[in-house]
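Hello,

Here is the structure I promised to pass on to you. Please open it next to this email, and then read on for what turned up in it.

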Amino acid sequence: MVNKTDSNDREPTDKKRRKTTSVTEPSPTKLSKEEIYTSTIAFEEQEAAKRSPEADSKLGKGAAASEEVKGKIAEKRIEGSLAFVALKKLNRLDKVRIRDGKEALHKEKLRVDSNRLQLQNLLYEADHLRKEVQRCYLFKSQDEEIELVPVEEFYEKAPETISRPEKTKEDEHARRIARLEWELQQRKELDALCKELHSSKAKVGGEIVSKTERLDSLAPRLKKLLEATRPLQEALDMPIEKGWEIQKTVRLLVQPLYMLYANVTAYGEACDALLSTSVQGDEEEARQIELTGNLECESDDEGGDGAGEQRESNSRGSYNRRKASKQQDPMRQKRRALVKPHPLSVTIVIRSKEGKESLALCFRYFPSAGFVTAKCSLVDFEVAGVAAGDIMSQESILNELFEDDNGEASPNPKTKFQLQEVGLDMDKFMTIMKEKDLGKPYKWAQELCGIEFVDSGEKFLAASDKWQKTIPTIVKAIRTRWEARLRLYQQVHELETGTVDTTINLEHNNPIRISSTLLQWTALSYAEYAGSGVTTKFIEQSNGNDLYFRAIVTRGSAKLECYICVPCGFPESAPLWSLSLNWNGKHSAADNAAIREMESWTNSLESSKHPKTILSVQLKRAMSCFDIFLETEGPFYSPAEFTQDKTYLKAFRGRARARPFRIASNGSSSVFTQI
């Protein structure tokens, strides 16, 4: 023990020494626990070998304490024992106190738990009572759902034996019971009346059934009677049955188409024998729409074939299609509804006065969009030729029938909002209408059907003087356009095929030879017409709906290109000619006064004076002017390519050096003179 304490006392000094020496000496190598233990055992073995047992004994005796020390140790032992006894007593007292405290704490916990449980029970009971009170407040008796007569009427009509005003006016509960008694009495009386009416209804129903059976028995007899009178109807030209069938179909038309059919038919019978009307479409589907009042979009195909297939399907298939239709995208259904026409349409056929050619106008009504479209087609007419075929284009033949009416936009103001709702614009909508071949919503078509658009939407016009004037105006305008296009088609077809004699000019009934030759007559698009470079002054007057042609006239090495614009309103407006001369350079009205004079002289002809030959007359005048220009200009070039074969007094006149383009009568012959 002494060695251990000494070694412990020396440890701090050794540590301090190590710290002081660690600055100059290198730190010893750190050994593991196994190495320390091994080195210690080896050291003790060496020490046991070097030192004898007697030396160890002396070392132990020297360390023994003296007698005095032993006495002190005994005293200390006694004191320590007493201290241990006192400590044990204090420990026992402390444990007793702790036990008493725990028992008191346990009793207090039991009391607190009991109070908390009682509190929870009271809170739960209070909450339950609160809910019951709320339920009582919310309770509604069945009599509260009964609609009773007002209190004033109750006291006025109810007998005093039930109303008892002296009691019920002060007691609300008694008044309520009295009112319920009065209501019960009234309902018993009404029930008795209802039973009486039911019995009378059954009696009347029996009479109706008997009369219906009688009428049904009359139908076969009437049918046989009609069959027996058919020879008489045919002999007297009285198609009574056919008229009845037409009237049945006409009754299924929507209001705008019905007004159109009725008024145009009346106008045709009164004023125009070459005008006829008819009703086309699916009568069965129209009858279903009249019964249900709903125009369903069941398929992407809006044509008649798809509808026919649906009609031929059984009822189960129709139910499945309707169910699938309801499950489709609502946006897609709205788009279909906008381009879904009524199944019935009205067709107006306008026959030409000069032949069998007819123009058929098919009018369709779109319930969702709220407008009428018109689609034209040709009847008993075959289009021949490319240039002439453009004149009879079914898409443009009715454009600009009235000012600013091309049918390129919906006339109904609400359509743009409907299109915004389904994510379409007007151009896309009109493209869909064109792809489905549904016609164009012309403004005059709305007027013809009696539809007038105002800020609140469409409304139908009643029969008025204004409307009665509108129908003849529109029908006459359509007939005028149709007959004008027929005449224009004939002229262009003759020019395109070369059947027009362009070698003789009969302007004053005196034949004048034309030396130039018509090489080609072709149709142009608006872009080609505008890009020619010589039609700039006429571009502003054209709106893109006009007809455009090009005629090429040649004489020798010279070539005259004629660009013709036939206005959409022809023959009210005459065709406009623009000239371009290719001979010793390119000349046009912009840089050559003679070409400008030729254009002016050619365009001075009036279509009203030449309704059937205006184009050929203008062409011959342009060719004659072309000859005069070459014959008057040719001598200035060497060698002379063109010789004079026209009679004129002066080649040039005045400071403007005007040329003799005008043909003047000179007795039995004609001579060219200045304009």
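A residue is called buried when its relative accessible area is under 20%, exposed when over 50%, and partly exposed in between (1.4 Å probe, protein chains only). Before the findings, please note that this is a predicted model, where local features need pLDDT of at least 70, side-chain atom pairs count only at pLDDT 80 or more, and totals for chains, interfaces and linings use all residues. Residues are numbered from 1 along each chain as its sequence is written, and side-chain values use heavy atoms, leaving out hydrogens and water.

Let's start with charges. Side chains of opposite charge can pair when their charged atoms come close. A salt bridge here is a side-chain nitrogen of Lys or Arg within 4 Å of a carboxyl oxygen of Asp or Glu, and the whole structure has 26 of them.

Have a look at arginine 479, which is buried with a relative accessible area of 7%. Its side chain meets that of aspartate 272 in a salt bridge (2.9 Å, N to O). Aspartate 272 lies in the loop between α10 (255-271) and β1 (275-281), while arginine 479 is in helix α19 (residues 465-497), so the pair ties together parts that are 207 residues apart in sequence. Helices (H or I, at least four residues) and strands (E, at least two) are DSSP runs, numbered from the N terminus. Arginine 479 also forms a salt bridge with glutamate 483, with the closest N and O atoms 3.5 Å apart. Glutamate 483 counts as buried too, at 15% relative accessibility.

For a contrast, go to helix α8, where lysine 195 and aspartate 191 lie four residues apart, about one turn of the helix. They form a salt bridge, also with 3.5 Å between the closest N and O atoms. Here lysine 195 is exposed, at 55%, and aspartate 191 is partly exposed, at 40%.

Alanine 360 stands opposite serine 377, and glycine 370 takes a positive phi near 80°.

Enjoy exploring!

Methods:
Pairing = 2+ DSSP bridges.
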